[in-house]
Amino acid sequence: MSLAEARRMAFEQALDMRDLTYQEFEDQVTAGVEVGFNLYNLRDLKTYFWFQPDGETVHVTTNSIAWVPEDRRERALEAVNEVILRWRWASLFVEEGNIVAAADILLVDDFVGELCVDFLLRRFIAVVNDVYPLLMRRLWADDGDSDDKS
């Protein structure tokens, strides 16, 4: 068993201990786990944990947080930049007309499962949930509305 597989399994065990549902992606080049959530501000958020082949890091990303029409792309980029300056635990970016969040975690022996679950539950999805209203205000505000509102 590779280090990446062992660390993915440790993460899955930590999810099991908290009764969180997940799905494995064993047929992928990089071992992956999907965990879904319904948050206060955002429904059907999917998070994906991709354990890198060397087993030293895991890349975390989401499905689309918000759809961005082409005529609102500049607003979306400004909103994403504002989020990046205010919250440090997740990076947001515009990809193919969607805003997605991502982060990378350096893994440490004996703490992999707990580290990933704690990051997921206490940081990553909390940031996504907190920034969603800001993103929506920035994206969909009328041109006459002030950009000073948070």
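Why does valine 83 count as buried? Its relative accessibility is 0%, so valine 83 falls in the buried class. Buried means under 20% relative accessible area, exposed means over 50%, and partly exposed lies in between, with a 1.4 Å probe and protein chains only. The areas come from the Shrake-Rupley method with a 1.4 Å probe, and for residues only the protein chains shown count as cover.

This is a predicted model, in which local features need pLDDT of at least 70 and side-chain atom pairs count only at pLDDT 80 or more, while totals for chains, interfaces and linings use all residues. Residues are numbered from 1 along each chain as its sequence is written, and side-chain values use heavy atoms, with hydrogens and water left out.

Start with the overall layout. The protein has three helices and seven strands. Helices (H or I, at least four residues) and strands (E, at least two) are DSSP runs, numbered from the N terminus. Their order is α-β-β-β-β-β-α-β-β-α. The C-alpha trace spans about 60 × 25 × 25 Å along its principal axes. Of the 150 residues, 43% are buried. The accessible surface comes to about 8,600 Å², and carbon and sulfur atoms account for 47% of it. A contact means heavy atoms within 4.5 Å. Among contacts between residues at least 6 apart in sequence, 56% join residues at least 24 apart.

Next, helix 1. Its 15 residues should span 21 Å at 1.5 Å a residue, and the end C-alpha atoms are 21 Å apart, which agrees. The expected span is 1.5 Å times one less than the number of residues. The buried residues of helix 1 are Ala4, Arg7, Arg8, Phe11, Glu12, Ala14 and Leu15. They cover an arc of only 160° around the axis, so they lie on the same side of helix 1. That arc is taken from the directions from the helix axis to the C-beta atoms. These buried residues pack against strand 1 (22–25), strand 2, strand 3 and helix 3. Aspartate 19 follows helix 1, with a positive phi near 55°.

Now the strands. Two strands pair if DSSP finds at least two bridges between them. Strand 7 has several antiparallel partners, among them strand 4, with five bridges. There, valine 58 is bridged to isoleucine 105 of strand 7. Strand 5 (residues 66–67) also pairs with strand 7 in the antiparallel sense, over two bridges. Here tryptophan 67 stands opposite asparagine 98. Strand 6 and strand 7 run antiparallel too, joined by five bridges. Leucine 92 has alanine 101 of strand 7 as its bridge partner. The hairpin of strand 6 and strand 7 has two residues between the strands, and glutamate 96 takes a positive phi near 50°.

Finally, the interior. Nonpolar side chains tend to be buried together in soluble globular proteins. A nonpolar core is a set of buried Ala, Val, Leu, Ile, Met, Phe, Trp, Tyr and Cys residues joined through side-chain atoms within 4.5 Å. The largest one here has 45 residues, and Phe11, Phe49, Phe51, Ile65, Leu92, Ile99 and Leu135 touch the most other members. Helix 3 gives the most to this core, with 15 residues. Leaving aside residues up to four places away in sequence, isoleucine 65 touches Leu42, Leu45, Leu92, Ile99, Val100, Ala101, Val128, Tyr132 and Leu135. Valine 83 itself lies in helix 2. With the sequence exclusion of up to four places, valine 83 touches Leu92, Val131, Leu134 and Leu135.
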